[in-house]
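Biologist: Please show the chain under discussion, and let us then examine the grounds for each structural term applied to it.

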Amino acid sequence: MKIKDAKVQSTYTREKISMNEEVLQKLNALEQHINNYNEGLDIGVHPFDIADLLIEIREVDDDTYTAFLNKLPSALLAEVLVELPKSFQEELYTNYGPKKLAKLTESLDTDDAAVLIQHIEELDEAKADAIMSHLSEEDRDTIEELISYENHEAGSYMQTEVFEAQLDETIGASIIRLKKMKANREIDNVHHVFVVSSKRTFMGMIPLEDLILHGPKELYKDVIEEGKITISVDPHDDIKNVIETVANYDLSVIAVVNERGILIGRITADDIYDIIEDGATEQIYNLAGVNDTAEQEESIWKIGRSRGLWLGLNLLTAIAASLVIGLFDTTLQSLVALAILMPIVASMGGNAGTQTLTVTVRQMALGDIEADEAKKTIYKEVFISLMNGVVYAVAMGLIAYIWFQMPMLGIVIGMAMVVNLLSAGFFGAVIPLTLKKFGVDPAIGSTVLLTTVTDVVGFFSFLGLATIILL
């Protein structure tokens with residue numbers, strides 16, 4: 001797309017989006033930020049804000065959006081790129097050539113660079129290979145190493161840019177070196193110094209704020225014992241365990257060391273937050289029978305097909321519940337009140353089961369429920385369900401008695417409600433625990449299975465008791 005010169009572009013922009021003065025002010029501010037960046041000054045704005053503004057511009061004018069993308073220096077464009085929505089990123093991957101994308105890749109932190117290459121590889125493997133061929137040997141080796149780790153391993157979330165200092169180095173010398181690294185934009189998000197031996201063995205990390213307590217001529221080996229943090233993870237550790245460690249020790253960054261104790265990288269808080277958010281999103285989607293990966297697709301057909309599979313399974317379970325109802329068709333024909341009250345029993349059981357299921361799955365994800373605590377969890381949920389079952393059984397029994405003037409009908413629905421809520425509490429805890437035992441994600445399929453149980457048990461207990469007691 002042909003880009004107009006700055007003066008023409010400014011006029012074009014004002015004509016196209018003059019209705020939004022706020023956007024114009026942001027555009028002018030963005031140009032100033034770009035100028036500051038080119039002059040080596042503090043940009044004064046986060047790449048996320050630039051990405052957010054570009055999205056806003058794109059909704060109004062494609063030409064202005066493209067023009068500002070091309071104005072961004074490569075290093076800044078790379079940072080903005082990772083903040084854009086996935087669909088925007090894919091569009092740029094298609095439009096940019098391998099050399100351009102290689103330059104952007106080199107400007108990113110190594111963890112983000114690895115993600116970028118993996119994303120492009122999913123779209124166009126040949127283009128990803130071409131990009132890798134344009135990288136320096138050092139960058140190529142680093143990215144290949146990061147990509148070699150499995151998605152669940154800590155190494156796949158690691159960045160190799162680390163501010164480290166040796167034991168025999170002075171604090172003052174390391175600070176001067178850090179200033180140069182920051183000025184050259186070689187590293188960011190620095191909150192700790194990683195102290196290593198002459199052979200790069202990890203000795204511990206010290207918060208930068210603690211360095212102000214020491215003089216510039218002091219050696220790290222003389223201060224390393226004061227307030228050092230020695231916690232580290234192996235690159236092959238499960239990322240869920242890493243998250244738990246970071247949370248337990250209130251860390252903003254954690255060291256990654258290999259089997260020989262050599263420091264090879266770090267995992268920063270921003271990656272941890274992203275992983276937690278992705279995990280929570282996946283759980284919510286799975287509990288609703290929705291595939292989180294499919295939901296990111298732009299194709300309505302693919303999204304619909306993914307959801308349709310779960311709806312089809314739900315249809316089968318609904319038919320199973322209907323077959324149970326069919327066993328008692330004579331009972332239903334004899335007493336119409338049963339058909340009126342029947343959905344109440346199933347609904348209460350379904351809601352009680354969902355409460356138990358949601359709490360159990362979430363606690364399992366947080367690591368609050370271990371194998372030896374499974375029985376305790378089941379007992380607790382059964383007791384809670386029984387307690388609520390008794391309370392609402394009495395209430396519904398009285399309502400049914402007053403409504404239909406049939407004392408025994410009130411007893412029947414009360415008993416059925418206790419039975420169904422009891423089973424809801426039991427199976428709401430047992431189903432996810434059982435799925436996890438067999439290596440299946442407890443969030444997947446639990447809802448469908450639980451709905452089947454509460455519907456079948458609810459209908460069977462209510463209609464079965466009605467057949468025995470009322471007819």
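Modeller: This is a predicted model.

Biologist: How many residues of S2 are buried, and which way do they point?

Modeller: Five of the five residues of S2 are buried. His-192, Phe-194 and Val-196 point one way, while Val-193 and Val-195 point the other way. In a regular strand, side chains alternate between the two faces of the sheet.

Biologist: What makes the contact between Glu-164 and Arg-200 a salt bridge?

Modeller: The cut-off is 4 Å between a side-chain nitrogen of Lys or Arg and a carboxyl oxygen of Asp or Glu. For Glu-164 and Arg-200 the N to O distance is 2.5 Å, so the pair qualifies as a salt bridge. Glu-164 lies in strand S1 and Arg-200 in the loop between S2 and S3, so the pair ties together parts that are 36 residues apart in sequence.

Biologist: Why is Glu-164 called buried, and Arg-200 partly exposed?

Modeller: Buried means under 20% relative accessible area, and exposed means over 50%. Glu-164 has 18% relative accessibility and therefore counts as buried. Arg-200 has a relative accessible area of 31% and is therefore partly exposed.

Biologist: Which other salt bridges deserve attention?

Modeller: The count comes to seven salt bridges. One of them joins the side chains of Arg-58 and Glu-91 (2.9 Å, N to O). Arg-58 belongs to helix H3 (residues 47–58) and Glu-91 to helix H6 (residues 86–95), so this pair ties together parts that are 33 residues apart in sequence. Arg-58 is partly exposed at 22% relative accessibility, and Glu-91 is partly exposed at 29%. Another salt bridge joins Lys-380 and Glu-381, with the closest N and O atoms 3.9 Å apart; this value is within 4 Å, so the pair still qualifies. Lys-380 is partly exposed at 38% relative accessibility, whereas Glu-381 is buried at 6%. Salt bridges that share partners also join Arg-58, Asp-62 and Glu-91 into one network.

Biologist: How do you know that the span of H19 agrees with its number of residues?

Modeller: Helix H19 (residues 374–404) has 31 residues and should span 45 Å at 1.5 Å a residue; its end C-alpha atoms are 43 Å apart, which agrees. Its buried residues include Ala-374, Glu-381 and Gly-389. Helix H18 (336–365) and helix H20 (407–437) are among the elements that cover the buried residues of H19. Just after H19, Gln-405 takes a positive phi of about 55 degrees.

Biologist: What is the corresponding result for H20?

Modeller: H20 has 31 residues and reaches 45 Å from its first C-alpha to its last, close to the 45 Å expected. Just after H20, Gly-439 takes a positive phi of about 80 degrees.

Biologist: Which residues touch the most other members of the largest nonpolar core?

Modeller: Among the 66 residues of that core, they are Leu-54, Leu-72, Val-242 and Ile-267. Helix H2 (residues 21–38) supplies the largest share, six residues. A second, separate core of 28 residues includes Val-324, Ala-337, Val-345 and Ala-424.

Technical notes
Residues numbered from 1 in each chain as written. Predicted model: local features only at pLDDT ≥ 70, side-chain atom pairs only at ≥ 80, totals over all residues. Heavy atoms only, no water. Helix = DSSP H or I, 4+ residues; strand = E, 2+ residues; numbered from the N terminus. Expected span 1.5 Å × (residues − 1). Buried < 20%, exposed > 50% of the residue type's maximum accessible area, 1.4 Å probe, protein only. Contact = heavy atoms within 4.5 Å. Core = buried A, V, L, I, M, F, W, Y, C linked by side-chain atoms within 4.5 Å.
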